[in-house]
Amino acid sequence: MLSTAHRSRTPHTADVVIIGAGIAGLAAAHHLISAGVTVRVLEAAPYIGGRMATEEVDGFRLDRTSQLLSTSYAELLSAPGLEAASLRMFSPGVLLHSDGRQYRTGAVRSARSALSAARALASAPRPPLGGTGGALDQARLAAALGRLATVPTARLLARSERTTLDALTGRGLPARTVDGFFRPLLAALLCDPDLTTSSRVADLALRGFARGRLCVTAGGAATLPELLAAALPEGTVHTDTCVTDAAINCVTTKEHGEITSRSLLFATGARAAAELLPGLRVPAFHPVTTLHHTAPVSPLADPALLLDAEPGGGPVAHTAVMSEVDPSRAPGGRVLISSAVLGTPPPAAELERAVRAHLAKLYGTPTDDWETLAVHHDPEAVPAMPPPHDARRTVRLLAGLYVCGDHRDVNTAQGALFSGRRAAHAILADLGVKPGAAALPAAA
Ligand SMILES: Cc1cc2nc3c(=O)[nH]c(=O)nc-3n(C[C@H](O)[C@H](O)[C@H](O)COP(=O)(O)OP(=O)(O)OC[C@H]3O[C@@H](n4cnc5c(N)ncnc54)[C@H](O)[C@@H]3O)c2cc1C
């Protein structure tokens, strides 16, 4: 069963109507309401949260997405109701699999502490061949990430733009660091196995990784929209309300007829926005498949994100023993392993076979007795962002008409939340109302 439904009678007028109760629409509602504006959020589905959905199966909380968040997402930390206690951290850096072994890398330190760690590591057992496990490589990597963490957004967005793959090969990094660390990490962070994404978007993602810790929301991805919705005044969000036609001052819904407003915000996701507003561009999308398994015993007693450093090693882009990261997702101390496959998957049986074989290699344990709990495929999981990409695409189409969502920013939860904030501020400016909450930061 998917998460909480929000049903209430739909008043037929508001200052602002928002179409879509994903995190972008819910965030925009907060910023508008805190400035004193009346808002109705209309959601077609029987549940809120859009792509950030969690379902319950036999007591397991299973995300339909394979959400990787970061404690560096400024919008996430300032989201109403989402205090730090609701975030569950992965262990620092990532765990890379190479040559039949796992080793931790990418934990960020200052350049100085990275170099002293290198001296200590030099006397440690030899790392796997071909990876980034060498002491000096580790130190260089940590120092490079440490430097990236300090670069302001404006400078990152002013860098020349190429595909992520071209940028990686052109930056003079050792091939073993590119192939053994950056490729698998960026593929996972961008949901883009071919690294066709704009290098600026990749730089933002890497900087986010360098600045914070990877994390998930306690209880599943749906916790974030649920907390956002719970902090809104009662009666703001209307589920089971599908907008079929839209003009600035009036929307038509299948279930409740017409609703009038002074301003209209599309927070529907790129394709649905283009269906209601012909002329809006529909981007290409990166497909993602999320698989959940349970095992008799935990294959890894570490809340780590595990990546394969060996190119072509198998279909799994990233995997984690999610019950170690967030025990509340598995009932009675049971084990939950969540994994992501990027791109268009093969037929179900073939995928399952290939994933089990790959997981057996990654975790170094047989997976024949693992039980599959759920497989979710989303062919339009995240909008593709090849160069040139404007990471701050305008959210104001004209006075009274606005659009937000990850497709107007960067394709992450941070991008969706920030676009919601940008849209709210554009609406308030046109209505001549001062923002009630913190002013829009110059960059996030
Ligand atoms: C498999 C997968 C993996 C992902 N991995 C990550 C990750 O690791 N890290 C990360 O940060 N992000 C990740 N994302 C992306 C993240 O989930 C999205 O960026 C974010 O949820 C987008 O929020 P949104 O509000 O812009 O859009 P959505 O969540 O798509 O919300 C749009 C809402 O509008 C509603 N709607 C559409 N049409 C209508 C209509 N006509 N009337 C009323 N309502 C309508 C929809 O039902 C939906 O609820 C992933 C997404 C997927 C699917």
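Start with the cysteines: the structure holds zero disulfides, a disulfide being a pair of cysteine sulfur atoms within 2.5 Å. This is a predicted model, in which local features need pLDDT of at least 70 and side-chain atom pairs count only at pLDDT 80 or more, while totals for chains, interfaces and linings use all residues. Residues are numbered from 1 along each chain as its sequence is written, and side-chain values use heavy atoms, leaving out hydrogens and water.

Select Cys191 and Cys215. Cys191 has a relative accessible area of 17% and is buried; Cys215, at 0%, is buried too. Buried means under 20% relative accessible area, with a 1.4 Å probe and protein chains only.

Next, select Phe90. Its contacts (heavy atoms within 4.5 Å), not counting residues up to four places away in sequence, include Cys215, Leu68, Pro303 and Met322. Phe90, Val94 and Phe181 have the most contacts inside the largest nonpolar core, which has 51 residues. Such a core is a set of buried Ala, Val, Leu, Ile, Met, Phe, Trp, Tyr and Cys residues joined through side-chain atoms within 4.5 Å. Helix H7 (residues 175-190) gives this core its largest share, nine residues. Another core, of 42 residues, lies apart from it, with Tyr73 and Ala416 among them.

Now move to strand E17, residues 337-342, where six of six residues are buried. Helices (H or I, at least four residues) and strands (E, at least two) are DSSP runs, numbered from the N terminus. Ile337, Ser339 and Val341 lie on one side of E17, and Ser338, Ala340 and Leu342 on the other.

Finally, show the neighbours of E17. Strand E14 (residues 285-294) pairs with E17 in the antiparallel sense over six bridges; pairing requires at least two DSSP bridges. Thr290 stands opposite Ala340. Strand E16 (residues 316-321) is also antiparallel to E17, joined by five bridges, with Thr319 the bridge partner of Ser339.

Definitions and conventions
Buried means under 20% relative accessible area, exposed over 50%, partly exposed in between (1.4 Å probe, protein chains only).
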